[in-house]
Amino acid sequence: YVVGFQPIFGEKLPYDDEQTGLKDRIVIKFSHVVAENTPKGLAAARFAALVKQKSRDRVEIQVFPNGMLYSENREVAALRRGDIQMIAPSFSNMNAIDPAWYVMDLPFAFRDQQDVNEALRGILGKRLFETLEPYGMKGGAYWSNGFRQMTNDVRPLRTPDDFRGLKFRVQPSEVLERQFNLLGASTISTPFNEVYRNLEAGAVDGQENTISNILSKRLYQFQRYMTISNHGYLGYVVIFNEEFWNGLPPDVQLIIEQALRETTAWNNQAALKQEKGLRLLRERARLDIITLTDEDKAQWKDKLSPIYKEFADTIGPGLLEEIDRP
Ligand code: LMR
């Protein structure tokens with residue numbers, strides 16, 4: 001850096017570095033809440049490296065993982081204020097902006113990642129991006145983490161009846177609350193980086209999450225049982241502060257778009273590779289792992305099916321047609 005010019009985050013700096021020939025260096029702060037060794041954490045780092053390379057060091061993406069800057073309940077506001085320029089919150093955090101996002105929380109709405117990709121590439125993905133616009137946010141991509149599994153410390157969860165009387169931590173979503181209520185369980189909603197302590201303190205009996213989140217945040221530590229249920233989908237929307245985005249030079253926008261496309265393609269593959277995580281969980285965690293059969297799943301779907309009707313009006317017209325309802 002040229003002496004006297006400290007990069008101000010998110011601002012284009014009119015500076016000229018004689019040694020590197022850098023002009024108008026751009027710094028983008030990218031905040032997220034998960035660990036670095038997860039599909040989102042790795043994608044963020046990869047994206048930063050690609051942008052650095054493609055822009056020949058002109059654009060620096062500074063990644064802040066693990067909620068070190070903001071927990072998920074504060075990152076949207078921070079983005080809108082312009083304190084950070086980029087976030088990738090999970091879908092369940094977006095219903096506070098627009099209830100259309102509830103569609104992504106519905107249980108058994110997608111069979112597999114392929115199914116999700118198709119929906120997000122089509123009308124659904126477009127409509128969800130549009131919900132961001134009135135809030136000065138620009139959707140850039142959808143990233144994946146994979147499907148949610150159930151963990152708890154009380155008993156193996158195989159049938160809907162097994163949930164009765166248990167308490168689960170959920171993300172901030174009425175759909176997720178209702179999902180557990182229909183199973184006879186209660187919920188509390190807490191930020192992701194408090195879940196470990198919630199479990200340790202016994203404030204909840206269990207939680208639902210992806211294998212990479214369970215592993216990287218050691219959520220298995222105070223849990224005896226895990227059910228491979230793949231009942232819900234956990235994905236992310238990559239968002240920019242729109243005003244900031246519009247102020248970027250067109251060549252920089254192009255570089256960022258290219259890097260984001262390449263990262264997204266990579267992320268979708270990375271999120272599919274859960275076997276290694278599951279193997280590590282089997283080795284490290286004292287977890288009794290239960291896998292649902294198709295008959296078990298049919299019972300869960302049956303029990304949870306009222307949720308589709310209950311939330312149809314809230315979600316709004318034209319979106320439930322885009323998913324695979326049970
Ligand atoms: C959570 O449980 O809150 C997480 O799934 C959040 C995340 O970003 O993956």
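This is a walk through a predicted model, from the whole chain down to single residues.

Let's begin with the overall build. The chain folds into 12 helices and 10 strands. Its C-alpha trace spans about 70 × 45 × 30 Å along the principal axes. For 326 residues, a compact globule would have a radius of gyration near 20 Å, and the value for this chain is 21 Å, so the two agree. Two further numbers describe the packing. Buried residues account for 42% of the chain.

Leaving out residues up to four places away in sequence, V237 touches A88, P89, F91, M94, L128, G139 and Y142.

T227 has 23 C-beta neighbours inside 10 Å, and because the threshold for a buried residue is 20 or more, T227 counts as buried. Setting aside neighbours within four places in sequence, T227 is in contact with Q149, M150, L157, R158, I290 and L292. L272 lies 45 residues from T227 along the chain, and their C-alpha atoms are separated by 18 Å.

The second stop is G232, also a residue of strand β9. G232 counts as buried because it has 27 C-beta neighbours inside 10 Å. Not counting residues up to four places away in sequence, G232 touches D105, P107, F147, R148 and E208. T210 is 22 residues from G232 in sequence, with 9.3 Å between their C-alpha atoms.

Now for the ligand. Its surroundings consist of V33, V34, S90, N145, Q171, F192, N209, N213 and L234. By residue class, this shell divides into 4 nonpolar and 5 polar residues, with no charged ones.

Among the helices, take α9, which runs over residues 250-272. Helix α9 has 23 residues and reaches 33 Å from its first C-alpha to its last, close to the 33 Å expected at 1.5 Å a residue. Which residues of α9 are buried? They are V252, I255, I256, A259, L260, T263, N267, A270 and A271.

N66 sits in the loop between β3 (59-64) and α2 (72-81). Its phi is near 60°, a positive value in a residue other than glycine. With 17 other C-beta atoms within 10 Å, N66 is partly exposed. R218 counts as partly exposed because it has 15 C-beta neighbours inside 10 Å.

Conventions: Residues numbered from 1 in each chain as written. Predicted model: local features only at pLDDT ≥ 70, side-chain atom pairs only at ≥ 80, totals over all residues. Helix = DSSP H or I, 4+ residues; strand = E, 2+ residues; numbered from the N terminus. Expected span 1.5 Å × (residues − 1). Buried ≥ 20, exposed ≤ 12 C-beta atoms within 10 Å, placed from the backbone. Rg over C-alpha atoms; globule rule 2.2 N^0.38 Å. Near = placed C-beta within 6 Å. Nonpolar A, V, L, I, M, F, W, Y, C, P; charged D, E, K, R; others polar. Contact = placed C-beta atoms within 7 Å.
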